[in-house]
Amino acid sequence: MRRNFSTVFATLTIAGVVVLRPAAAQEPPAFQGASTEEKARLTQLIDAARKDGKVVAGVPASTALRKSLEETFAKRFPGVEIEISTARGPTNASKIAAEHAAGVRYYDVLISGSLTPLSLLNAGILEPIEPLLILPEVKEAKRWYGGHIFSDNAKRFLYSFQAYQSENLWHNTQLMKADEFRSFDDLLNPKWKSKIGILDPRSAGGGTSTWAFFYKTKGEEFLRKLAGQELLLSRDQRMLGDNLAKGRLALTIGLTYYSLAPFIKANQPIKPLPEAKEGSYTSSGSGALSVVKNSTRPNATKLFVNWLLSKEGQEVWTKELSQPTRRWDVDARWTANFGAIAAKDNLSLEQWNKVEQISADNEAAAKAATKSAQRLLPN
């Protein structure tokens with residue numbers, strides 16, 4: 001078994017007894033560089049998390065991700081249940097906001113796109129992330145491409161653990177050839193009128209990010225013409241994927257691999273379009289972590305956050321969503337085969353800074369793009 005963060009906890013808490021290795025034995029990675037006090041805190045956290053009983057997390061709408069998170073977490077931490085709500089980020093965020101307004105504290109963690117939690121942050125519903133990070137392999141900035149990256153202005157609440165160039169345009173290979181797309185201008189070809197589906201850019205998600213990149217690179221007049229293509233607008237990723245697979249649509253905008261995975265695995269004729277000459281942006285995809293304030297299960301929440309950001313947690317996440325982590329020690333080069341090109345493997349930090357859409361500096365541009373979508377798209 002690999003000697004990682006989860007193995008450390010399992011070893012330390014067998015039968016409730018702390019087991020120390022002989023001095024000559026190599027310390028597991030999670031303990032390397034940790035002080036005596038940190039080691040004690042890691043041990044104590046497990047016991048406290050078991051008293052909390054469980055942690056509740058909202059994650060992207062992926063059944064495979066839910067199953068893998070639940071199974072792996074349960075094996076590593078017997079006695080601490082993880083309850084997963086799979087839904088689009090805005091759906092989970094709306095539930096959290098409604099519960100907060102009613103004085104209910106059920107959700108503990110939200111993992112979504114970087115724009116989704118802003119409404120929760122502005123309502124004072126989130127707590128800072130950094131104080132929760134106690135595992136040395138998690139809190140050391142050198143472990144991460146770009147160091148610790150937060151997508152909020154205060155650099156405290158919305159932690160982005162992914163960074164990649166998105167392939168958010170996918171086509172039905174029986175209706176549209178890859179060489180028919182070279183530039184975003186090709187989306188305006190009359191041939192594709194009523195044949196383009198888009199994840200509604202008026203609601204936070206991949207559709208919003210892509211629309212914002214169009215706004216930045218092509219301007220509002222381009223978006224006006226695109227809106228005139230009689231787009232199929234939807235907030236239902238599965239419905240858009242189904243229409244693409246069945247040939248009712250030639251291409252979709254804003255969907256990522258995990259949304260289309262069931263169709264791709266069923267050998268439906270779906271592939272990402274090649275990168276346009278205008279380039280592509282880098283985002284955190286569905287990798288923005290936020291924590292709900294005043295959780296009734298603070299220790300289980302802290303345990304899950306540290307495990308999620310550990311090497312093993314990021315391996316599980318990357319494997320199931322095919323969206324690459326920023327952790328240096330997790331291989332993510334293979335995700336390029338699924339429309340997600342890892343920034344850490346392909347871009348210098350200087351290059352990344354020019355195309356990223358993660359930081360709070362892009363919030364104003366995103367808001368302007370969203371307003372343009374509200375003006376241009378039908379109700």
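**A tour of the predicted model**

Where pLDDT is low, the predicted coordinates should not be read in detail. This is a predicted model, so colour the whole protein by pLDDT before moving on. The mean for the protein is 87, and 90% of its residues reach 70 or more.

**The sheet**

Next, select strands β7 to β11. Together they make an open sheet of five strands, in the order β9-β8-β10-β7-β11, and the pairing is mixed. Which strands are at the edges? They are β9 (232–234) and β11 (270–272), each of which pairs on one side only. From one strand to the next, the twist averages 25°.

Strand β7 covers residues 169–172 and strand β10 covers residues 251–253; the two run antiparallel and are joined by three bridges.

**The cavities**

Turn now to the empty space inside. Rolling a probe the size of a water molecule over the atoms shows where empty space is left. How many cavities of 30 Å³ or more does a search of the whole structure find? It finds three.

For the largest cavity, select Gly113, Gly205, Gly206, Gly285 and Ser286, which lie nearest its centre among the 30 lining residues. The elements that give two or more residues to this lining are α4 (89–101), β3 (109–112), β6 (164–166), α7 (206–218) and α10 (257–265). The volume of the largest cavity is about 350 Å³. Colour its lining by residue class: ten residues are nonpolar, 19 are polar and one is charged.

The second largest cavity has a volume of about 50 Å³. To centre the view on it, select Thr256, Tyr257, Phe338, Gly339 and Ala340, the closest to its centre of the 13 residues that line it. At least two residues of this lining come from β6, and at least two from α10. By class, the lining of the second largest cavity has six nonpolar residues, six polar and one charged.

How values were computed
Residues numbered from 1 in each chain as written. Predicted model: local features only at pLDDT ≥ 70, side-chain atom pairs only at ≥ 80, totals over all residues. Heavy atoms only, no water. 1 Å grid on protein atoms, 1.4 Å probe; cavity = no way out; pocket = protein on both sides within 12 Å on 5 of 7 lines; lining within 4 Å. Points joined across faces, edges and corners; volume = space filled by probe spheres on them. Helix = DSSP H or I, 4+ residues; strand = E, 2+ residues; numbered from the N terminus. Nonpolar A, V, L, I, M, F, W, Y, C, P; charged D, E, K, R; others polar. Pairing = 2+ DSSP bridges. Axes fitted to C-alpha atoms, helices over the stretch in contact; angles between N-to-C directions. pLDDT = per-residue confidence, 0-100.
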